[in-house]
Amino acid sequence: AIDRENLTVMCYAHVMQVTFQGNRATGVVFKAGNFDKGKLGGRSVGSQFVRAKREVVLSAGSFATPQLLMLSGVGPREHLESKGI
């Protein structure tokens, strides 16, 4: 699967937000770099954006997936507004 042309795998990338057009996920905002201070001194680059051609697959685990969706503005309105999202 790693050799597929329609798949990009990035190591040391931290997704901060899923972007939407209407109700459709269109891409992600992320920070890339090596956050392990033992490797490359923990360097990272600024925020980057990548747009999906067809779909966004979100698989961040049972805790991080809902958190990421809420940071992206998806979830209970009252809760999001109380957090300034």
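Accessible areas here come from the Shrake-Rupley method with a 1.4 Å probe, and for residues only the protein chains shown count as cover. With that settled, I noted that the protein chain exposes about 6,900 Å², of which carbon and sulfur atoms supply 53%.

I wrote down the ground rules next. This is a predicted model, in which local features need pLDDT of at least 70 and side-chain atom pairs count only at pLDDT 80 or more, while totals for chains, interfaces and linings use all residues. Residues are numbered from 1 along each chain as its sequence is written, and side-chain values use heavy atoms, with hydrogens and water left out.

**Confidence.** I looked up pLDDT, the predictor's confidence in each residue on a scale from 0 to 100, and found that the protein chain averages 83, with 85% of the residues scoring at least 70. Confidence is lowest in strand β3 (residues 44–51), at a mean of 81, and highest in β1, at 92.

**Layout.** I listed helices (H or I, at least four residues) and strands (E, at least two), which are DSSP runs numbered from the N terminus. The protein chain has 2 helices and 3 strands, and along the sequence they follow the pattern β-β-β-α-α.

Of the 85 residues in the protein chain, 16% are buried. Taking contact to mean heavy atoms within 4.5 Å, I noted that among the contacts with a separation of 6 or more, 25% join residues 24 or more positions apart.

**The core.** I then looked for a nonpolar core, meaning a set of buried Ala, Val, Leu, Ile, Met, Phe, Trp, Tyr and Cys residues joined through side-chain atoms within 4.5 Å. The largest one has 5 residues in all, namely Val18, Val28, Phe30, Ala32 and Leu68. Strand β2 (residues 24–33) gives the largest share of this core, 3 residues.

I followed leucine 68 into helix α1 (residues 61–71), where leucine 68 counts as buried because its relative accessible area is 8%. Leaving out residues up to four places away in sequence, leucine 68 touches Val15, Met16, Gln17, Val18 and Leu58. From leucine 68 to leucine 58 I read 9.1 Å, C-alpha to C-alpha, across 10 residues in sequence.

**Two threonines.** Threonine 19 lies in strand β1 (residues 13–21) and is buried at a relative accessible area of 17%. Beyond four places in sequence, its contacts include Thr26 and Phe49. Threonine 26 lies in strand β2 and is buried as well, at 7%; the residues that threonine 26 touches include Thr19, Val50 and Val56.

**The two ends.** I found isoleucine 2 in the segment before β1, and its relative accessible area of 60% makes isoleucine 2 exposed. Ile2, Leu7 and Val9 form a nonpolar patch on the surface, with about 280 Å² of accessible area together. Isoleucine 85 sits in the segment after α2 (77–82) and is partly exposed at 43% relative accessibility. Isoleucine 85 touches Met70, Leu71, Gly73 and Leu80, not counting residues up to four places away in sequence.

Note on methods: Buried < 20%, exposed > 50% of the residue type's maximum accessible area, 1.4 Å probe, protein only. Patch = residues over 30% accessible without salt bridge, like charges linked within 9 Å, V, L, I, M, F, W, Y side chains within 5 Å. Salt bridge = Lys/Arg side-chain N within 4 Å of Asp/Glu carboxyl O.
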